[in-house]
Every structure is written in C-alpha cells, then in structure tokens.
Amino acid sequence: MDLDHVLLYPEGKSLLTCIQCGVCSATCPQEAFMEYPPRKIVAMLKAGLIDEVVQSGSMLKCVSCYSCQAKCPRQIRLTDLLFPLIRGRMFEGGGIPAELQKAFLDVQRYGNPLGRSTSERSDWVARSKVPIRILADRPGPVDLLWNVECYPSYHPRGQAVALATARLFHRLGLDFAILGSEERCIGDCAGYFGEFGLLDALIEQNLTTFRKYDFRRVVTSGAHAFNVFAHHYPGYGFTTPVEPVVGLIGEELPKLRPMLKTSVPHKVTYHDPCCLGRCMGASALRCYFAPPRKLLEAIPGLKYVEMAHHHENSLCCGGGGGGMWLDTYYRDQGMDRLSERVVKEAVAAGADVLAVTCDYEVSRFEDAVKVLGYDRKIVVRDVLELLDESAGGEAAV
Amino acid sequence: MDVVVLMKMVPDAAQKIEVDAASGQLKASTLNLIPFESDEHALEEALLIKERTGATVTVVTTDLPGGDVALWTALAKGATHALLVTRGRPYEPRSTGELARIYAKLLETIPHDLVLTGAQAPDDVEGELGALLAAQLGLPYISVAVAVRPDEGTHSAEVTTELGGGLRSVYESALPLVVGIQTSETPPRYAPFLQIRAAQRSKRTRSVAVEPVPFDPKVEVVALHKPVAGKGATMLEGSPEEVAGRLVEILAEKELVGG
Ligand code: SF4
Ligand code: SF4
C-alpha cells in the first residue's frame, strides 16, 4: 500500500469515515508543535493534499504513541498505518534529520541503531554470573528464545537490565537461550517511521535465523520489539507465541514471590510504555497494564504510587516512531522533551523511583532526570532490576 | 556536465578489526568494507550538482567486497551510472599511487568535467589520491572542499574550501577539474532499502576491466598495530568541589590560567 493509493485499500478507506471530531489532535502530546495535527492531516489526505502533508514535516514530530489511534471513535489506523506511510514518503524528498538517517543506516549495516559491531552484541554475557546459553555455540531444543534487543545488548544501562533479567530467569529455573551475535533489530523504528523495505529485510533475516533453531516460545525484553512481533511478524507466517519479559515474569510471580525477601524501601511509580498498553488495546490484543504493577507490589517495603497519567492515558516517553533519534531536531524546533514531562509527573506523585519496562526508557528518562537537575530526587530503574534487587541481586545467584 | 565520483572502500571502524600477527596485515576475515565517509560526501555533492544543473553523475569504485552494494546505494540515491573497476586484487592499504593510475586510465574512456573524491581516506591520510590523479591527467586540483558550484556556460567552477579556524577560501577554476571533498553542503542522504534492492535488480552497474598498471610502491608498510594507550592521564578523585579545586591548581601550575 502506498500513500497515493491508500484509499483503494480497506484499511485506508477507513479514512473516509473520519467525522473530524478532533479527538486525535486533542489527545496528541505533540500537537502544539505540528503544523498539521492529526485531524487536519486526515482531512488533507481526503482532499488529496498529500504533498503538503509530507512537506510540512509535521509527521517528524509524531512519536507513534498510539494516543490518537486508541481514542479515535472510528478506529482509524493513524499510528501504525497512515502516519508511517506519510513518513515513508519523506525519504524521497529528503527532510529527514541526519541523526535519524544515521540510525537507519546503522540498522541496515549492523542490525542495531547504535552503530555497534554485530560481533560485540553479546559481549555483556561475559559479565553474567549465571550461565547464558548462546544458540550458535550450543544448539539443540530450548523452551524460551530470549530476544535481548539492541539497547539491552549495547547500552550500558540496558546491559544492567539484561543481566538482572538473566538472573531472574536463572532463579526461576527457566530453560532459555539467546542468539548472541546472530540477533538483529526486530524492526521497530523502521516499521513506525515508514522504512518498510528495511523492516521487510529485517523480518526476513530474523526469520531465517529463527528457522535454524528449535524453540517453543519467544520472550522479548522491551515494549517496542514486542509491538513489532505482535503486529508485523504474523503477516510473515511467524506464529510462535511471543511474550514481553515483564508478562512472562508476571506469570511466574507465584514462584518468584517467596524469593523476594530483601526490602526495597522506596516510593515507586510506574510508566506505562505505549507499546505494551494503549497500543495493544488499539489492536484488540492483550494489554500489559497489570503485570508490572502486580510485580512491583509484590516487593517488600515498596510503596506504589500512581502518576497523573497512567494506563491508557500514560504520557509517551517521546522515543517511539524514530523520536529516540530526534532529540537534537526537537531541541532545534524548540519543543519540550516528553521524557522530562514524565519525570516531572513522577516527582510530583512523590515517587523517588521511576520504574519502567521499555528498553528505550532507562536511558531516556535518566537523561531527562539529569537535564532537570533531579539527580537527588528520583532514580530510574527497570521493574526487573527492582525484582532482582529484592531477590538478592548478583550476590544471591 | 559530467561529474565522476570516485569512492573508496575502507575497513569499517565500527567492527572489530584485527591485525594478522604473521603477515603484519589487517586480517581479511575481520574486515567489513564500506565507502569512506568523505567519499559519501563527494557523492552527495555530486547529487546536489545533478539536482541543480541536470548533470550526469557516474560513480566508480573498485571490485573490493562491498563495492557492489556501495554502487547500488549510490544509484538508489540518484546517481546516473555506476562502474565497478575490476582488477582482481585483494585489499591493499598502500596502493593509492596505483589506484590513481588505474583511475587515470579509466577516465581516458569516460567523459568528465568534474572528478570528485573524498579529501582523505584512512589508507590515504595525506589525501594523495586526488592530487596524483590530477597530475596524471594534467588537470587542476583543489582539495578540502565544502562546496562545488560548476557553471556550464563558462565551463568553470567555483570551489569553496575550508582553511581552518572558521576561514574559508573561494577558488575559481576552469573545467575539467579534480576536487577533494571534505564535506558536502548537506549531509549525505539516506537510501531507503527498497530502492537499494531495486537498483540491485536493475542491473545498472557495469564492470570495467582496467589493465594492470605497472606500479612500484615507494612506501612499504612495516608494521600495523592498535593504538597503544598512553600513561599520561591523571585521574582526579574526590567531591566535585575538590576535583574542581585541584583542576584550577593544575591549570595555574601549567600557567594556562592566571593563579
Ligand atoms: S479521532 Fe478519528 S474520527 Fe476523530 S478527527 Fe481524528 S481521525 Fe477523524
Ligand atoms: S501517534 Fe501520538 S504523537 Fe503521533 S499523531 Fe498520534 S497522538 Fe500524536
């Protein structure tokens, strides 16, 4: 499907049912900075003003948060279909900021947007106190294929979360393995920014790798890869069940609970990532609002507090749809960083820990904490890190 | 207007590169070759010229691993023609002089008003390629350029170069001309994956065999090794106030700030 012919397809035809109610624009966290907010864009596309929409750059500011799509009374597929199509058109005429282009080029070349060597993808494993099986070294059947993802593989803070995850899997006696240097980006930013050729190539490459091994289920670290697994991989015939780590650990809570002995005496709030919550709801799939909260509440000494925006109304961290690589562009445009808004809300709720489950968020929110000068007020931890700490951390494996 | 872009494939520094102890050369199995950044800028500058003047852009590289992908990518970005020079030789980091001769020979057979190449490359830190090539062809050469504006009417070009310290100089030269590009006027564009694939399928890249050129390298690679970490650094420890205080003392001791 392309933008010129969008109205010929059933998914695109839904555009014609728009009643111009403006709910999409009203709920959009970036609306104030868009020349054409979502409602206007729909009207313009219906009127054939495609080039004007593409050239305005308004869609560069969309962070694929799914607010508009989740709330549209006509269930028009704005976030996951229409807006990526518009952005895909931007590749033809330039206008895509260099930092985002670099991320795409790095994904093309190295299978990760950080521009790091494929051979270094599993370097973090050497620091693990618990055994982590790499399938290329030890093939053979395994229950869980753990898709570690790019940030947990390469980013220092992500690696800390990956190590905590491995310890939890080990404590729970799960039979798991990783792909190591064979693992590649699942395709989040490519899919949501409209680089469909790259998404297609990544899916084909990943499925070729998956076919080499014998596993029953996939568990994936963060929210974005899970979203792509849920929405794009079935179309390529991939039907193996996929769970986000926080969902899997949530199911294992009865087994984990007796191990949570160390008190974590903090006031903790939780940020619902768009791609495990609202986004799933918009697609009539299972949302993951409850598991992280249940897990946090199982930690002794921890007091849970809710932020003003939560569940389907949670504020986006601003990292989706390519936003992760547009911070400089956003600053040049004089835009607020959404991650700073979330951190302010967390502090206002009285929390001294902001808990997350999305692979982009630890680093995004930690940056925001530093920019705001809130270092002494709040820290950012992954839910899995808090669970691991309560289970005794590295000393207890 | 015919613009020719010469692109060089160099080891990707993001991948772990190893030196083979026995031969003292880079280990071929650890090398992933990609077009050098300045050459990507040369291509971008050529594409900008094409957009402004309707020039024909011919991209050339040698048949090293990855050279074909570099050419498909260049076509996907908008280059008119793509040539793969076959010489059937493995990667050699010391053959800039030979490469200049090969390109000089090739250019005898293709029209060129402007020849753009990266100002430098990791295996050509002195930026010899453009200069040697220009000498071979008897053409003028300008390097470290940040903008090239050819004029078909007067058959000349205005070239802006970077002098350092924020200074720029502007040259005017007759064409044909060889230019070493430092950076393009806008960052190199991104080629969407589908278009790279389409360029691959279009079979628009052409191979040209260039006869081996007799070349006697005057420079020999004696040894290759990773940079050795220096010992000069002193780590300051303590509270931010203590560290800042100590830093001021050191700067004053070295008379870098007033005491
Ligand atoms: S919310 Fe849906 S129906 Fe309402 S204006 Fe937006 S796209 Fe149209
Ligand atoms: S997905 Fe979010 S950021 Fe994008 S237009 Fe919709 S509400 Fe705005």
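E149(A) belongs to the loop between β2 and α8 of chain A. For background, most residues other than glycine have a negative phi, and most peptide bonds are trans.

This is a predicted model, in which local features need pLDDT of at least 70, side-chain atom pairs count only at pLDDT 80 or more, and totals for chains, interfaces and linings use all residues. Residues are numbered from 1 along each chain as its sequence is written, chains are lettered from A and ligands numbered from 1 in the order in which they are written, and side-chain values use heavy atoms, with hydrogens and water left out. Helices (H or I, at least four residues) and strands (E, at least two) are DSSP runs, numbered from the N terminus.

**The sheet of chain B**

- Nine strands of chain B form an open sheet with mixed pairing, in the order β9-β8-β7-β10-β6-β1-β4-β5-β11; two strands pair if DSSP finds at least two bridges between them.
- β9 (167-174) and β11 (205-209) of chain B stand at the edges with a single partner strand each, so one side of each is left without a neighbour in the sheet.
- On average, neighbouring strands of this sheet are turned by 30° against each other, direction ignored. Axes here are lines fitted to C-alpha atoms, for helices over the stretch in contact, and angles run from 0 to 180 degrees between N-to-C directions.
- β1 (residues 2-6) and β6 (residues 114-118) of chain B pair in the parallel sense over four bridges, and V5(B) has L116(B) as its bridge partner in β6(B).
- Helix α3 (residues 96-107) of chain B packs on the sheet, touching β1, β4, β5 (81-86), β6 and β11 of chain B, and its direction makes about 140° with that of β4(B). Contact means heavy atoms within 4.5 Å.
- Helix α1 (residues 37-53) of chain B lies across β1, β4 (56-62), β6, β7 (141-151) and β10 (177-181) of chain B, and runs at about 150° to β6(B).

**The sheet of chain A**

- Five strands of chain A make an open, parallel sheet in the order β1-β3-β2-β4-β5. Its edge strands are β1 (133-134) and β5 (242-244) of chain A, each pairing on one side only.
- β2 (residues 142-147) and β4 (residues 215-220) of chain A run parallel and are joined by five bridges. In β4(A), L145(A) is partnered by V218(A) and W146(A) by V219(A).
- Helix α9 (residues 156-171) of chain A packs on the sheet, touching β2, β3 (176-178) and β4 of chain A, with its direction at about 165° to that of β2(A).
- Three bridges join β4(A) to β5(A) in parallel, and T220(A) stands opposite P244(A) in β5(A).

**The two ligand shells**

- Of the 13 residues around ligand 1, C18(A), C21(A), G22(A), C24(A) and C72(A) come nearest; a residue is near a molecule or strand if one of its heavy atoms lies within 4 Å of it.
- α2 (23-27) and α3 (38-46) of chain A each give at least two residues to the shell around ligand 1.
- The shell around ligand 1 divides into nine nonpolar, two polar and two charged residues. Ala, Val, Leu, Ile, Met, Phe, Trp, Tyr, Cys and Pro count as nonpolar, Asp, Glu, Lys and Arg as charged, and the others, Gly among them, as polar.
- Ligand 2 is surrounded by 13 residues, and the closest are C28(A), C62(A), V63(A), C65(A) and C68(A).
- α5 (67-71) and α6 (78-93) of chain A each supply at least two residues of the shell around ligand 2, which divides into ten nonpolar, three polar and no charged residues.
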